[in-house]
Each structure stands twice: as structure tokens, then as C-alpha cells.
Amino acid sequence: MRGIDEPDEGELTVSAPKKWATGAPAVAHALKYALEQTSPRRTALTLLNVNQTRGFDCPGCAWPAPGPGERHANEYCENGAKHTADEATTRRVTREFFQEHTVAELGRASDYWLNQQGRLTEPMVLREGSEHYEPIGWDAALDLLAGELRDLDHPDEALFYTSGRLANEPAFLLQLFARAFGTNNLPDCSNMCHESSGSALNETLGIGKGSVSLDDLYDADLVFVVGQNPGTNHPRMLSALEETKRRGGQVVAVNPLPEAGLLRFKHPQKVRGIVGRGTDIADQFLQIRPGGDLALFQALNLLLLEAEDKEPGTVLDQEFIDAHTAGFDAFAERTRTLTSWDEVLDATGLTRDEIEQVHARVLRSRGIIVCWAMGLTQHKHGVPTIREIVNFLLLRGNIGRHGAGVCPVRGHSNVQGDRTMGIWERVPQPFLDALEREFRFTPPTAHGLDSVDSIRAMRDGRAKVFVGVAGNFVRATPDSDATERAMRNCRLTVHISTKLNRSHAVCGRTALILPTLGRSDRDVQAGGEQFMTVEDSMSEVHTTRGRLAPASPHLLSEVSIITRLARKVLGPASGIPWEEFEADYDTVRDRISRVVPGFEDFNERVRRPGGFRLPNPVNDKVFRTPSGKAVFSVNDFTALTAPEGHLVLQTLRSHDQWNTIPYAMDDRYRGIKGGRRVVLVNPADLDGLGIADGSMVDLVGVWTDGVERRADGFRVVSYPTTTGSAAAYYPETNVLVPLDSVADISNTPTSKGVIVRLEPARAGADRSAV
């Protein structure tokens, strides 16, 4: 392993991108990483328990597992195996490590190096004016945090951030504590990822979740996979799409990059995936320009309306539209006059023939599902784009029936469950009313701060204490320089974490690191061994039970940390039985069952193999909108264009990466090895810009505030992206995403639509921090 200032990007090599994903190489890479982190026995113990009914939920993506009788003994993907091994590592970060390294040194380290140091082992404090973290006991650490919270002028000066790694029980307790304390400041990772999905779906369908199950996906006639890369971000989705194909369904992939997993999939648990050719996934690949998805679905909707005009009663589901929708006439009138085909083709980068081919597939399909991820949500017009997808599905009655519906694919294991449990700065009033009935206090009703607004509040001195429960806030958020300045403006920053990350090196005047159990760790409390629960992307709620001895005897569960903090801050006068909750998580679930709709008899139902699925009223054609019907929306045509000499940059993950943390310096499917500071650009654009393949450039962001945002020292890679666009890895390029460049309505950062220019690299530029 290199020193703290690694990696050496000079070792970077580039080869042709792959034409297929997974197969035997995925197995080999997963096992190699696991055995580097821990022993063969520990590897076997974890992998045989991950995603099993009596095991633990993969700490990776939120893709659902098949039913209990349908699961493979190895119900995980390459990346899931790596996530599991990364948490189960036998490497440890001890007090001696913090004595050896100053906070400034840790701030110069790469995300990769920090993660590779291993699991945190005891609480640490960075006192004001000190250069080193030092050990602190649990009582003293929680007393310090409780004292800072009590000394605030108002509870709204505190922020309680969560990532999707948090399970349901601690998520419910965190929001309960925050609201009993007096604030709705509960920003979370969904604010930066799928908030646009929730905003659009709540408005049009009355619930901010997807409507489909795995069985729906298997039986769909046509599945759109839009703005996502399943082969890297949720590889088990490829198994589901393979089953769709086996049953006769078709797949249309819509993406700016030709991702290997959407071209061909070799299932590593089947003979044909090891020695055979595998399965072609996409029947049609639309290589769209970033942000062009809105124009695409508007064009498809226009074609459907025109087809109905030619053959009335044969194309649209008029019975469904009349009985279950509102706003059709205004939508249809606007769609017919919205734009010209020249504008559509320019916005999408597609030909009319390509769009007509998709239209023909739609006409031949009864059941259609549209899946999407951040390629849609992280645009300024992300919410209108998803609303237009809902319009598309409503036209032919593809909502509320088998084999059809909406499928936002969440990228983190319990991000949907956290929202269900009340981790939301704008939680609906009925949820607050249920809390008040159950716990006999009046929760605050004023909306709290989301992630972007939390950064602004810290920057402006309106928020003074930051508590992060899981995640890596500093590296997950936009405008890295502005975020780091904001964090350093706090009186106290606290991170409840399993492993070291850059957020621990970007500190307020005082900082705490509170180490916690991982998903794979056994959790034993006064009431015996405990389990927790999670909710996947398709609303399935199931148990998760760790099997490994904790990484250190000094770790506490997130439930323990939250309940002990609540007792210190609120005292016995709150009347909430925090000590009882810590001792026995069944008591938490009892309260959830009386507060959160759909969780009735929670303890009994979740103990059934595979758990249970939450009801979705949409599937009963019940729409909790003001009209009581699904809503056709009117969305203005929008196209994302870059000025002459500039490109539209999208940030993305490498294959060997989970969220902000790379597990290796490679991106196998895209042909990148030994480095991450690359920018992928279409060869025609390189010719037009006069930039040579392999040259070194700086990426300079263009935004209306006049601030120069620069990411230095990137190697140009000629790559088959769409013309006019470029792609580079985050979090290295988060520095280019302006804090104020956000999606309309959802306030999600526009990480898939950053306008940049490429300049020759500055000699000797310091790029260690970003």
C-alpha cells in the first residue's frame, strides 16, 4: 500500500471498454478483494449469510432479493461481495493511528487510502486547537455532544444527517429524538439522489415510491432502463432483466454512455454465464444526450396521441384515463403544440427513426415499466422529466396493473426505509400527528433543512452542530470547497461511522468520531441478541442480523448511541422510554407499528421468512392526490446545451466504487486501470476542441455566480460518449457542481448537467484535497 499521499495517477492505463459484464472475472475480482481484507473463513461466513432470510442485508444497493424459496445460496453480486468484505475487514484504526497522523495529513489522503485503513475501534475527539484526534470515553463523548446541543439558542441550529446505511429502527429513533428535541432538520442522502423522484411521484401518483415488484419486472412486455448503469450500481438488477428477457420481454436502454451491463450479461451463477455467451440485455440502445430524456418522453407521448388520432380507440386506454386520471385535456393540448421535431432531435441526439422504433415497441407492449436513477433525477428539470414518464405510462394504463408501473431504483440499501421511518425534513402532518398521539409531545411543524440548505445554514452561521449518522457528507455533497468551509464553520461536528472517511478530517472547532456496529456485526443488548429491519427499492421489509463478532469491544450500535444521547439531552421528563428501546428493539418496532402506516403487527410479520411488502395504494388505483386521481402534468420543453467550446459533464461512479469510496483504482468495464482522474470525451468533440487523446487538462466549471470552480489534472480519454458531453468520476468532480445549481422543486444538486470547459493542466497544481 502506498503512503498517505497516494495514489500515483501516473500509472493509469486505458484500454477499450468492455462489451459485456460479470461472468467469471466478477467472481475472481470479488474473491480477491475479500481475501485481501479478511480470512477465507470470515469471507465464507459473511457471503453465505448476506441477503439470506436469517442473515444480514447487503450494505450496498437497495435492489430486492427474490422470495425465500427462490434465493440462490450466493444471493449477492460482485459489488455486494466487495461491500460486505469491506465492512468485515480485519484491518483496524486504533488510537495509535491517530497519534501517528494529524488531521491535516488525513485531509490530504485520498478516499481510497482512508477507507483501506479499516474499521474504527473507539470514540475519538478532536479538541479545539489540537492537531490530533485522541481517545474519549463514551459517556464523556455523549456528554460533550449533549452539552453542545443544550447550549444552542434554538434546536434548529442542529442538523441530523443520515445515509441509507441506517436501518429502520435507529432511523425511527433518530427522527423521534430530533423532533422531541425540537427540530425537523433531518437532511439525508435522498436529498442528493432521488428527491426528484419523490417530488414527481407524490405530485402525480400521491406516493413517492415505485409501484412494481420483481414479479412485475419479470412479466413486463417492455422495460425502459433510463439514466442508470445496473452493471456497476446495482448488478443484481441484471439477473432480473435476464429473467424478463427469458419470459419474452424486451428492454430499451437510454443512457449517454454504452454501459457494458446493458449490452450483455453473463450470469456468474449459471453455466451459460461462465462458458456461454450470456444474455443480450438491451434490444435497443438509445445513446441520448445528458438531460435529453424529457424531450424523448415528450416525443413518445406526442406519437401516442397522433397514433390514437389515426385509429381512435386502439392506442390509448381511454377507460383508464377517464376513470382514474385528471388533467388529460390540458396535457394533450400542450403536447400537440409543444415543440418541433428538430428541437427534439437536437435535445436528444437521436434520430427520428430511433424514436419511431421505440414507439413501435410501445404499441406492441401491453405491460410497460420505466426504471430510472440519477441520470434523470440530478438535472435541473429532473422533476418534469419524471412527471413526463408518468404521463407516458398513464396514456396506456400502465399504472396499477401487473407487469407495469414506475420503478425508481434507489442506490443505497435502506434509503427508502429511512424516509418511511420519518427521516424527512418535510414529513407530512399526519406522521407528526401520529408521533404526538404515541409519545405525548408536540413535534415541530415548520419544515426543516435538506442537505443543500444545511450547507447554506452552516456557511451562514445558522447551524452550529452537525451530527452525521453513517455516510460521508463532505464527499457526497456538491461544491466541495463551499461544503468544507461550511463544515469548518460549525462549533461541533460529529460522525457516527464504521470506517474512516474524509468527513472526519473536515472538522468544526471540535469534532467527534463515534464508532458503530456494521450490518455484519452481532448486536447484543440487555434483552439479548437483536435484529433490525430494512426496506428495499420495491417496498419489501425484512430483517437483517449480523453474524460476526464486533470489530472492537468499544463499539456501540446506532440504537445505543441515539438512545443514550436522547437520555442525556432530554432527561426523564420526556417520558419516552429510551432505555427500554436500547435493551430490546422489539419495543421500538411496537411503536413503529402504531405510528407508521403499513407496519401493523410489525414484530410478527417481519419474523416471517422474507418479511412483508408494504401496501402501495397506486396498485389498487387509489391516488392520494388532491383530486383523488393520477395527475397528467404539463411540462415545458427543456434542453440542456453547452456554449461553444464547452461540454456538459456528468459525474458518475467507477465500477470498483460504492458511493463516495473507491475499493480499487480501476474501472474494469470502461477500460480504466490505475487511476481515477480521467475525463471521458467523444473523439469528435476532442477534434473540435483541438485536444489530444491522453493529454492532461483541468476541468473548469461555468456558473452564473462568477466563481471559478476547478478540478485539476485530469487525463483525457477518447470514449464513445454522446457528442457535446463528457463524464468523470465523483467525488473528485463534486467540486464543479455549484451549491446553487439544483433541480427545480426537489433542490437536488445537478450533478449530471455541469457545464465545463477543458483547459491545459496547470503545472504543479495541488489536487490532493479533491
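**Three stops on the model**

Okay, first stop: Val27, Leu31 and Leu35 make a nonpolar surface patch of about 230 Å². Before anyone asks, this is a predicted model. Take Leu31 from that patch: you'll find Leu31 in helix α1, residues 24-37. Its relative accessibility comes out at 40%, so Leu31 counts as partly exposed, since that class sits between 20% and 50%.

Next up, His194. Buried or exposed? Well, the relative accessibility of His194 is 3%, so we call it buried; the cut-off there is under 20%. His194 sits in a loop, the one between α8 (168-181) and α9 (195-205). And what does His194 touch, leaving out residues up to four places away in sequence? The list is Trp372, Ala373, Thr377, Pro408, Val409 and Arg410.

Last stop, strand β30, residues 696-701. Five of the six residues in β30 are buried, so the strand is mostly covered. Who does β30 pair with? One partner is β31, residues 709-718, antiparallel, with five bridges. Within that pairing, Leu699 is bridged to Ala711 of β31. Another partner is β33, residues 754-760, also antiparallel and over five bridges. There, Val700 has Arg757 of β33 as its bridge partner.

Technical notes: Residues numbered from 1 in each chain as written. Predicted model: local features only at pLDDT ≥ 70, side-chain atom pairs only at ≥ 80, totals over all residues. Heavy atoms only, no water. Helix = DSSP H or I, 4+ residues; strand = E, 2+ residues; numbered from the N terminus. Buried < 20%, exposed > 50% of the residue type's maximum accessible area, 1.4 Å probe, protein only. Contact = heavy atoms within 4.5 Å. Pairing = 2+ DSSP bridges. Patch = residues over 30% accessible without salt bridge, like charges linked within 9 Å, V, L, I, M, F, W, Y side chains within 5 Å. Areas by Shrake-Rupley, 256 points an atom, 1.4 Å probe, with all protein chains shown as cover. Salt bridge = Lys/Arg side-chain N within 4 Å of Asp/Glu carboxyl O.
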